[in-house]
Amino acid sequence: MAIKILLLGFLALTCSLISASDGSPLQDFCVADPNGPVKVNGFPCKSAMAVKATDFSFSGLHITGNTSNPTGSRVTAVTVAQVPGLNTLGISMARIDYAPKGINPPHTHPRATEILTVVEGRIEVGFVTSNPDNRLISTVLQKGDVFVFPIGLIHFQHNVGKGNAVAIATLSSQNPGVITIANAVFGSKPDISTDILGKAFQVDNGVVANLQAKF
């Protein structure tokens, strides 16, 4: 009897673990149909007979991104929004261009781990572990170096070289999402109360209002 109970418990645990993870594709591909009438966690499949090579291709990663902005960086994303054939495949990528001293500001990908490869330049990278440690793990990468940002953790990049820098990021989701911390906290619509942010950051409410005005 005890053995049967143990077996049942093991079976229940196994089933719960299986249901908690993403399933593998059940067909060769499922090209996204963003205009499909059915809304699912992802996109419904386009008719296989209507699929074309362009559903699986993207042109433009050879083009330098325009870094003339306050952060001095530009991300060229290649997700399911740009390549419908990525639907259900659990992968995407991006090119990131950095001006001298440019940054990809602290942000997080709620649905993906990221692997960053430096193509050109010297880039300081880092991520912060979760509470309560909040430990910064950081290093400087050279051309050809690779660094991993674990899923969900806040991370950043900073061009510390003398010239422009370029990196390629690969992410473990067709739609990794991005939450830029400063934009989310100080640029939310509507604004988060200055009282809340003032206490959270332990600064005067006027400082918060000034930051919100920038976003």
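User: Does Phe186 count as buried or exposed, and at what relative accessibility?

Analyst: Buried means under 20% relative accessible area, exposed over 50%, and partly exposed in between, with a 1.4 Å probe and protein chains only. Phe186 has 10% relative accessibility, so this residue counts as buried. Please note that this is a predicted model, in which local features need pLDDT of at least 70 and side-chain atom pairs count only at pLDDT 80 or more, while totals for chains, interfaces and linings use all residues. Residues are numbered from 1 along each chain as its sequence is written, and side-chain values use heavy atoms, with hydrogens and water left out.

User: How many aromatic pairs does the structure hold?

Analyst: Rings of Phe, Tyr and Trp (its six-membered ring) pair if their centres lie within 6.5 Å; planes under 30 degrees apart count as stacked, over 60 as edge-to-face and the rest as tilted. The structure holds five such pairs. In one of them, the ring centres of Phe186 and Phe201 are 5.4 Å apart with planes at 35°, so the pair is tilted. Phe186 lies in helix H2 (residues 181-186) and Phe201 in helix H3 (residues 194-201), so the pair ties together parts 15 residues apart in sequence. Phe201, at 45% relative accessibility, counts as partly exposed. Phe186 and Phe215 also form an aromatic pair, which is stacked, at 6.4 Å centre to centre and 25° between the planes. Here Phe186 in helix H2 is linked to Phe215 in the segment after helix H4 (205-214), 29 residues apart. Phe215 is partly exposed, its relative accessible area being 41%. Elsewhere, Phe127, Phe147 and Phe149 form one aromatic cluster.

User: How many helices and strands are there in the protein?

Analyst: Helices (H or I, at least four residues) and strands (E, at least two) are DSSP runs, numbered from the N terminus. The protein has four helices and 10 strands. Their order from the N terminus is α-β-β-β-β-β-β-β-β-β-β-α-α-α.

User: Which residues have the most contacts inside the largest nonpolar core?

Analyst: A nonpolar core is a set of buried Ala, Val, Leu, Ile, Met, Phe, Trp, Tyr and Cys residues joined through side-chain atoms within 4.5 Å. The largest one has 16 residues, and Tyr98, Leu116, Ile123, Val125, Leu141, Phe147 and Phe149 have the most contacts inside it. At least two residues each come from strands E2 (92-98), E4 (114-120), E5 (123-128), E7 (146-149) and E9 (165-171). E9 gives the most, with four residues. Apart from this core lies another, of five residues, among them Ala32, Val78, Val80 and Leu86.

User: What share of the 215 residues is buried?

Analyst: Buried residues make up 31% of the 215 residues in the protein.

User: How much space lies in the second largest pocket?

Analyst: Rolling a probe the size of a water molecule over the atoms shows where empty space is left. On a 1 Å grid over the protein atoms alone, a pocket is an open set of points where a 1.4 Å probe fits, with protein on both sides within 12 Å along at least five of seven lines; lining residues have an atom within 4 Å of a point. A volume is the space filled by probe spheres set on the points. The second largest pocket holds about 410 Å³. Of its 22 lining residues, Val75, Asn104, His107, His109 and Val178 are the closest to its centre. The largest share of the lining, four residues, comes from E1.
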